[in-house]
Amino acid sequence: MLVRSLCQLRHLRYFSLEGTNVSRLPEDIHRMKFLQHILLLGSMNLESLPSSIIKLVHLRSLNMHGMNASVMIPKGFGGLTNLRTLLGFPIRMDMDGSSWCSLGEIGPLSQLRKLTLHGLQNVPASSLAEMARISSKERLDYLELHWSSSGWMELRDEIEKQQQQHAAEEVLEKLCPPPRIQHLRIQGYFGRMLPNWMMVPNAAIEAFKSLMILALWDLCCCTKLPDGLRQLPSLKTLSIRDAQAIQSIGFEFQASSSLTAVGGTTVTSVAFPNLTHLALEELCEWEEWDWEEQATVDVTAGTMAMPCLERLHMTNCKLNSLPPGLANIKRHALMGLYLYKITNLAFVENFLSVVELDVFDCPELKRISGLSRLHKSRIIRCSNLEVLEGVPALDSLVLEDATMEALPGYLQGVNPRYLELNCNKKLYESLSAPSTSAEWNKISHIGNRDISWIQWRSQN
């Protein structure tokens, strides 16, 4: 419980209740008339904001991230026109039967620079989303849009499910960010299609001129990745996670485009020209990546897709091979390749620029070769790996597998400066007596070794 005298601190500028059990703010909070920053991060017991908060005309930032999703927002909240940062704002409809929606209170907040909206599944019509006037907020550079799909997934009426999906699609269409946006995150969206401003290349270029970071997380029903992203001039980080309906990524995702320049000349526009980090995680039904770009036919570092790609993370999918376009011999920027639970992956070959490689839980992996600059590698629970060759620069190798009964033969053909080996107790004890161990010769040439034993446990 807050002390009653708190609001006598009339010159207070910064007020934090982060992680507290407070259930309500002072009703006379407006008496702290110079208050500029309120931090309510993680205050799960807070039930509502006091109606007098709308009188804090100097308020610059309000952080409600991690609060109870049912917290009540007072009508008139849109009068806080000096707000620059608004995080964790809950979307609610008025329960008295009127058409008021808290999303409409966002409309007048034209000075916003950072905004995160939660509970967008509660918006029943695109007209209400349009009232937020997101695209007209010229200073907005950070935006998060959050849905919750749990209630939708529990619906048994298929017609109602389709209606809610359609509503989500129309709402997202009306939440197009302004051209200044630099960081965009969409999470929990259960529509079948992404909006036109993301799917159509020309529209995406217009909407995302400054976009540097894009995260698309928990898109349970989207079957197609947005083609419109490939020409974004400033995009550096793209993260796609938990999109379990994706089965294939077509060539158009990273296809180059021909644009008509001034004077009528045709210019080839490279796909993802400045992308440095790509994460494709938990696309659990993904089986095909169509990217046949070859270096033998006029493909140079200046015309191939993703020429600046430095790091690629891939987790939990069904690909059986990495696409040829990714392993292009003209690709010089790709330094790190991180592959986790790629259940059907059979080989990793000819990534000439990669210096760091992780392969975890890839049960069908049999061959790693042709990584001439590979410096550091971790191979964890890849029990069928038979070949590790063409890695002359390998300096550090971590090998872990509690199920292996003998050391893999490929260890005799590599010469890292350092080897970390985690195996089962039986193999560990065998290696602890080099004079009697048939396995010792496989690693005796490696000068710096760290060997320990681990217990096997299921990774499922």
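Predicted model: local features only at pLDDT ≥ 70, side-chain atom pairs only at ≥ 80, totals over all residues.
Close-up 1. Let's start with a pairing: S396 has Y418 in strand 23 as its bridge partner. Strand 23 spans residues 418–423 and runs parallel to strand 22, with five bridges between them. Strand 22 also pairs in the parallel sense with strand 20 (residues 376–380), again over five bridges. Here I379 finds its bridge partner in L399 of strand 22.

**Close-up 2. Both faces of strand 22 are covered.** On one side sit S396, V398 and E400, on the other L397 and L399, and all are buried. Because five of the five residues in strand 22 (residues 396–400) are buried, the strand is largely enclosed by the rest of the structure.

**Close-up 3. I186 in the largest nonpolar core.** This core has 132 residues, and I106 and I186 are those with the most contacts inside it. Leaving aside residues up to four places away in sequence, I186 touches L145, W147, L172, W197, M198, A215, L216, W217 and L219. Another core, of five residues, lies apart from it and includes Y338, Y340, F360 and I380.

**Close-up 4. N350 and D361, two loop residues with positive phi.** Most residues other than glycine have a negative phi. N350, which is not a glycine, has a positive phi of about 65°, and belongs to the loop between strand 17 (347–349) and strand 18 (356–360). D361 is not a glycine either, and its phi is positive at about 55°; its loop joins strand 18 and strand 19 (367–369). N350 counts as partly exposed because its relative accessibility is 42%, whereas D361, at 14%, counts as buried.

Note on methods
Residues numbered from 1 in each chain as written. Heavy atoms only, no water. Core = buried A, V, L, I, M, F, W, Y, C linked by side-chain atoms within 4.5 Å. Buried < 20%, exposed > 50% of the residue type's maximum accessible area, 1.4 Å probe, protein only. Contact = heavy atoms within 4.5 Å. Helix = DSSP H or I, 4+ residues; strand = E, 2+ residues; numbered from the N terminus. Pairing = 2+ DSSP bridges.
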